[in-house]
Amino acid sequence: MICWINPFTGLAGDMLLGALIDAGAPLHRIRAAVESTGLTGFELTAARVVEHGLAATRVHVDVTDDRSERRAAELIESAARAQPQQVAALAVAALTAIAKAEARLHGADPSFVHLHELGGHDTIVDIVGVAAALHYLDVTEVVCAPLPLGTGSVRSAHGVIPCPAPATLALLSGAAVTGTAIPGETVTPTGAALLVAARTRYGPPPLMTVAATGYGAGTRRLADRPNVTAVTIGHPAESQQGAAEHVVVLSTNLDDVTGEVLGHTISRALEAGALDAWATPAVMKKGRPAHVLHVMAPPEAADRLSRLVLAETGSLGIRQTAAGRVVLPRTTRTVDVNGCAVRVKCGPYGAKPEHDDVAAASTRLGLPLRTVARHALQACAGVADDEGEAR
């Protein structure tokens, strides 16, 4: 399933959780996932509210432990106990992203960084809750509209800081954002970290068949609009022939950058919403060896990705070529390989495990990459067979 997020007035962990519950995520299973971390002294409730004529779900976390400061490592250790394992993986990734962002800002080791406002029970509940909601809605792809960033300032444990908060901006590297006249914090670090962990791409709703919609209400009331985040859950459009899309291919010739810079730029482009990125060897004038860097982009992201490529490579120009591509339908399944979650991308004519997941499982299990990949494909085939029988 695809989850398209429309952060109408912003995005926070509780707003996203409320929207996913509103779209059908089972509250009792979300509570069970949070409880599986070993967390006690909390109560998660959800209520229907009406914001400026729009019905939405607002979640509330009551805690008996009001301590708001903890080491990030403590929260990560707790999240790692969540069940099922796929929920733990996404929750750990979100908390790790927060720890790394805070560590960079304060010049500290991520293993020892202290979280102030983000160190409370509600952070664990929101993050594990959203991870569980995505899992039980069978979401395998998250797409988000540009995030509206507020103005002004907010008070923190370190004093008054500007909006957006520095931690939020650090987490939004590569994200699509836009300005808004709404004062105060519109995107929280928790909301931004969840987008990072879900490997969110940014843009309009992809081609899909709508299955459910949901609205999650924030705690702040706005004078002229509902303070909500909206989600749309949909099935990827099914077509063996694939859907035709218009894209833009960016390319630039580079004869003065290292392989490390090429690799870094490709990674940055993909994180920032490129559809694909690659480099090909070339020979330039006077026989100089070089590479041509290519980035395939949605038309609406072409200018933003062009600026990213120019900034990272130092190139003085970039070509933009309109092109078309045919995209076959694909789904991503998460399978269990000896206790490790491995995502497998499945298309009409084959399947391929995600290399990063295979590599992580290989390291953890002490098995060769090829062995882990084979087990993942076998597990995926078993899942498909089971689903086929169920149908």
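These legends accompany a few views of one predicted model. Local features are given at pLDDT of at least 70, side-chain atom pairs count only at pLDDT 80 or more, and totals for chains, interfaces and linings use all residues. Numbering starts from 1 along each chain as its sequence is written, and side-chain values use heavy atoms, with hydrogens and water left out.

**View 1. The chain has 11 helices and 20 strands.** These are DSSP runs numbered from the N terminus, with H or I over at least four residues for helices and E over at least two for strands. Of its 391 residues, 46% are buried, meaning under 20% relative accessible area with a 1.4 Å probe, protein chains only.

**View 2. Now step inside the largest cavity, with a volume of about 50 Å³.** A cavity is a set of points on a 1 Å grid over the protein atoms alone where a 1.4 Å probe fits but cannot get out; lining residues have an atom within 4 Å of a point. Its lining includes C3, I5, L134 and T200. Elements giving two or more residues are β1 (2-6), α5 (121-136) and α7 (189-197).

Technical notes. Buried < 20%, exposed > 50% of the residue type's maximum accessible area, 1.4 Å probe, protein only. 1 Å grid on protein atoms, 1.4 Å probe; cavity = no way out; pocket = protein on both sides within 12 Å on 5 of 7 lines; lining within 4 Å. Points joined across faces, edges and corners; volume = space filled by probe spheres on them.
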